[in-house]
Amino acid sequence: MDIIGVIQLFGGVGLFLYGMSMMGAALKKLAGSGMQSILEKLTSGKSKIVGILKGWGLGTLVTGIIQSSSATTMMLIGFVNAGIMKLIQAVPVVFGANVGSTFTAQILRLGDLGSGTLVLKLLKPSSFAPALITIGAFMHIFGKKKKTKDLSELLIGLGVLFLGMTSMEKVFEPLKSNPSFQKLFVSFSNPIVGILVGIVLTAIIQSSSAAVGILQSLSVTGGITFATAIPFIIGQNIGKCATVILGGIGADKKAKRVALSYLIFNILSCIVITMVVYGVYYTVGIGWFGNVVNRGDIANVHLLFNLIPSLLLLPFTESIAKFTGVIIRDKDDVEEESEGAEFKVLDDRLLEIPVVALRQSKDMIIKMFERVIENYNTATGLLREYDEKVFKDLEKNEKFIDQCETVLSSYIISIEKKKLNDDDRRVVVMLLSSISDIERMGDYAMKIAYIAKEKQDTGISFTDKGEAERLAVEGPVTQCINDTFHAFKNNDVVVASRIEVMNAVINEMYAKAKAGHIERLESGECSIQAGVSLLDILNAYERLCGHSENVADHVIKRANL
């Protein structure tokens with residue numbers, strides 16, 4: 001092979017990898033954000049067996065779409081690390097993911113079609129790849145709808161995938177009669193050499209589907225036999241673990257156990273298959289071991305080497321999950337608590353699944369909002385009966401609220417940098433806009449608490465009229481805050497639309513109470529210190545409603561954009 005051949009080979013590999021990536025991305029878009037979050041919604045089912053089978057099926061389906069068992073397992077690591085999926089739910093999904101990764105090889109077997117009739121010629125990748133790219137390009141240029149453009153990307157990706165495979169085959173084809181090349185592949189029939197080559201190549205390109213696709217392209221030379229293909233496929237099942245092992249670094253113990261279950265599955269599969277196949281081969285012999293394979297044979301071996309072990313190991317899901325706990329030294333009934341543990345639901349791995357990352361962000365904002373309401377109720381309670389211990393708890397809540405604003409803002413900005421659909425972008429705007437308003441509501445709740453503390457320390461008291469006016473404003477303010485929380489949590493536009501009206505009424509009550517208080521100050525009915533404190537409380541009520549109205553507006557805008 002000369003330098004031109006080497007350039008053409010790498011060009012073919014590049015086209016193949018790019019086509020596979022483009023096809024997977026288009027499939028994810030066409031399937032919608034629901035596909036991306038389908039694993040997160042996994043339930044245990046009516047029985048343990050149903051749950052396991054459901055997980056296995058979902059793992060197969062999702063990986064069949066995104067064409068990467070490593071990517072699926074990385075999702076699972078993120079879900080488990082964030083606490084939104086249990087380890088026992090994740091393990092059968094891992095088993096199914098390995099089966100789903102064989103989908104691309106089954107598509108590539110179309111290259112085995114004969115070229116006798118016109119129909120068969122048209123069905124060969126070398127014929128329909130340019131057609132797919134042409135149709136996809138016209139759809140992409142002239143299509144107006146998003147679905148049309150997504151479909152065009154799928155067609156182009158599939159066409160580029162086959163174009164890359166065809167390019168590699170053209171480079172490999174002249175090697176049929178090359179003695180050195182034939183000798184090289186005879187050495188690969190050595191199980192140890194073949195397994196090592198499979199491990200290294202797959203670890204480098206980080207895709208078992210691509211590694212098997214390259215092997216299928218090499219089959220055009222006629223130098224690939226079962227003796228060559230089997231150890232390579234065994235090796236690529238181990239090599240694909242490299243990405244997952246790296247992804248598990250930095251995760252908590254439960255998430256590390258997901259990565260370990262992926263490694264255990266593939267290592268056990270390889271050990272069992274190697275022992276069975278070569279045990280038979282070196283004792284009684286395998287007559288067809290030296291037969292030349294085609295793309296379909298390689299695809300079938302790849303499928304069987306993932307399907308059979310996954311079905312055999314499926315009944316031992318719970319045992320494997322427990323075994324990972326022994327290795328990682330993690331107990332299933334012990335939850336690790338550490339500083340910032342509440343924020344681990346915002347796992348960086350989930351950034352690759354924006355719809356899930358946004359849902360986790362909103363759930364955390366809801367917790368933040370709940371703390372604000374708790375602080376508000378606590379602070380208004382302290383105005384009536386002060387308790388220093390309760391005040392300390394309130395300060396802890398305020399610290400959590402401030403942390404939420406910092407962590408959530410940074411995390412949601414990271415989501416914003418990803419490729420988002422229109423609805424996800426609207427959610428990003430709503431969440432980012434709401435965070436600062438909710439945090440400011442927490443500040444005003446805290447301001448009321450500090451006034452209660454000052455009231456206790458200085459012994460000041462409000463007049464009966466002043467206290468009555470304060471309580472008259474407090475009731476509607478409480479209702480306004482609670483309704484805003486409901487509207488935000490449930491995306492309830494109807495309730496959100498009522499907040500502006502409520503705020504207008506509260507502003508009138510605030511103005512009336514403020515005017516009455518100023519009259520009492522001028523007449524000397526209350527002290528200046530008590531008057532200033534009461535005005536500060538009324539102002540805090542007014543600002544709490546103002547920020548509530550802002551949050552409600554964000555909910556409405558998200559629905560109307």
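The sulfur of Cys241 lies 7.7 Å from the closest cysteine sulfur, which belongs to Cys270. The model is predicted. Its disulfide count is zero.

**The cysteines**
- Cys270 is in no disulfide. Its nearest cysteine sulfur is that of Cys241, 7.7 Å away.
- Is Cys241 buried or exposed? Cys241 counts as buried, because its relative accessibility is 2% and the cut-off for buried is under 20%.
- Cys270 also counts as buried, at 5% relative accessibility.

**Helix H20**
- Helix H20 covers residues 422-458. That run has 37 residues.
- How far does H20 reach from its first C-alpha to its last? The helix reaches 55 Å.
- This span is close to the 54 Å expected at 1.5 Å a residue.
- Gly459 follows H20. The phi of Gly459 is positive, near 75°.

**Asn503 and its contacts**
- Asn503 sits in helix H22, which covers residues 493-523.
- Asn503 is buried, because its relative accessible area of 5% falls under 20%.
- Which residues does Asn503 touch, not counting those up to four places away in sequence? They are Cys545, Gly546 and Glu549.
- With Glu549, there is also a polar contact. It joins the side chains of Asn503 and Glu549 at 2.3 Å.

Notes. Residues are numbered from 1 along each chain as its sequence is written. This is a predicted model: local features need pLDDT of at least 70, side-chain atom pairs count only at pLDDT 80 or more; totals for chains, interfaces and linings use all residues. Side-chain values use heavy atoms; hydrogens and water are left out. A disulfide is a pair of cysteine sulfur atoms within 2.5 Å. Buried means under 20% relative accessible area, exposed over 50%, partly exposed in between (1.4 Å probe, protein chains only). Helices (H or I, at least four residues) and strands (E, at least two) are DSSP runs, numbered from the N terminus. The expected span of a helix is 1.5 Å times one less than its number of residues. A polar contact is a pair of N or O atoms within 3.5 Å; within protein, one must be able to donate a hydrogen and the other to accept it, and residues adjacent in sequence count only if both atoms are side-chain atoms. Contact means heavy atoms within 4.5 Å.
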